[in-house]
Amino acid sequence: MKVSVARLDMKKTRDGWPAGVPFEPAIVHPVEAVGGSDWYVLDQHYVPGERPSWAFSEHDEYLRIPLFSYDLHPKADLAMAFMLQMGIACAGYLPGPVKHFFIATGNPVELLYDEDTGQHSGLRYWFGFAVKLL
């Protein structure tokens, strides 16, 4: 399985976003640059225990991978465990083995703090992915 990673500068993207337009960041590549079409793209925020929503890029000129924000546990091991759980759960809804896994990640990860106590309360991570099957 091939794995690709693309990073999106979240500060630069947010600063350049048009006023009054919902913030919906994405990584976009021409399909020729990523090995052709026929990608399954997670097209909505993943909710644990629910079926993921997939878009299919069968006839598209571009592979567009939207990034969604996830508020993760402040302990890094539990934050990583959530992301692994998410990947495994989503893979269970694919109709075949993965040939290419394309990860889109937002940088930097934001540290979250409790407004009342000032204590670190979590991480906000922007993430999306697409898969091409065998």
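The model is a predicted one, so please read every value below as computed from it.

**Strands around S7**

Let us start with strand S7, which spans residues 98–107. Strand S1 (residues 2–9) runs parallel to S7, and 8 bridges join the two. Strand S9, made of residues 120–133, also pairs with S7, here in the antiparallel sense and over 7 bridges. Ser4 stands opposite Phe102 of S7, while in S9 the bridge partner of Phe102 is Ala130.

**Two backbone spots**

Follow the chain to Asn107 and you meet a cis peptide bond, which joins Asn107 to Pro108 with omega at about 5°. Pro108 belongs to the loop between S7 and strand S8 (110–113). Another spot to look at is Asp38, a non-glycine residue whose phi is positive, near 70°. Asp38 has its place in the loop between strand S2 (26–30) and strand S3 (39–42). With a relative accessible area of 38%, Asp38 counts as partly exposed. For context, most peptide bonds are trans, and most residues other than glycine have a negative phi.

**Aromatic pairs**

The structure holds 10 aromatic pairs. Two of them are set out here.

| Pair | Geometry | Centre to centre | Angle between planes |
|---|---|---|---|
| Phe23 and Trp126 | edge-to-face | 5.4 Å | 80° |
| Tyr70 and Phe82 | tilted | 6.0 Å | 45° |

The pair of Phe23 and Trp126 links distant parts of the chain, 103 residues apart. Phe23 sits in the loop between helix H1 (10–15) and S2, and Trp126 in strand S9. Trp126 is buried because its relative accessible area, 9%, falls under 20%. Phe23 has a further contact: the charged end of Arg14 sits over the Phe23 ring, 4.3 Å from the ring centre.

What does the pair of Tyr70 and Phe82 tie together? Tyr70 lies in strand S6 (residues 68–72) and Phe82 in helix H2 (residues 76–91), so this pair connects parts that are 12 residues apart in sequence. Both Tyr70 and Phe82 are buried.

Finally, ring pairs also build a cluster, and you can pick out its members in the viewer: Tyr40, Trp54, Phe56, Phe101, Tyr125, Phe127 and Phe129.

Key: Residues numbered from 1 in each chain as written. Predicted model: local features only at pLDDT ≥ 70, side-chain atom pairs only at ≥ 80, totals over all residues. Heavy atoms only, no water. Pairing = 2+ DSSP bridges. Helix = DSSP H or I, 4+ residues; strand = E, 2+ residues; numbered from the N terminus. Buried < 20%, exposed > 50% of the residue type's maximum accessible area, 1.4 Å probe, protein only. Phe/Tyr/Trp six-rings, centres within 6.5 Å; stacked < 30°, edge-to-face > 60°. Lys NZ or Arg CZ within 6 Å of the ring centre and 35° of its normal.
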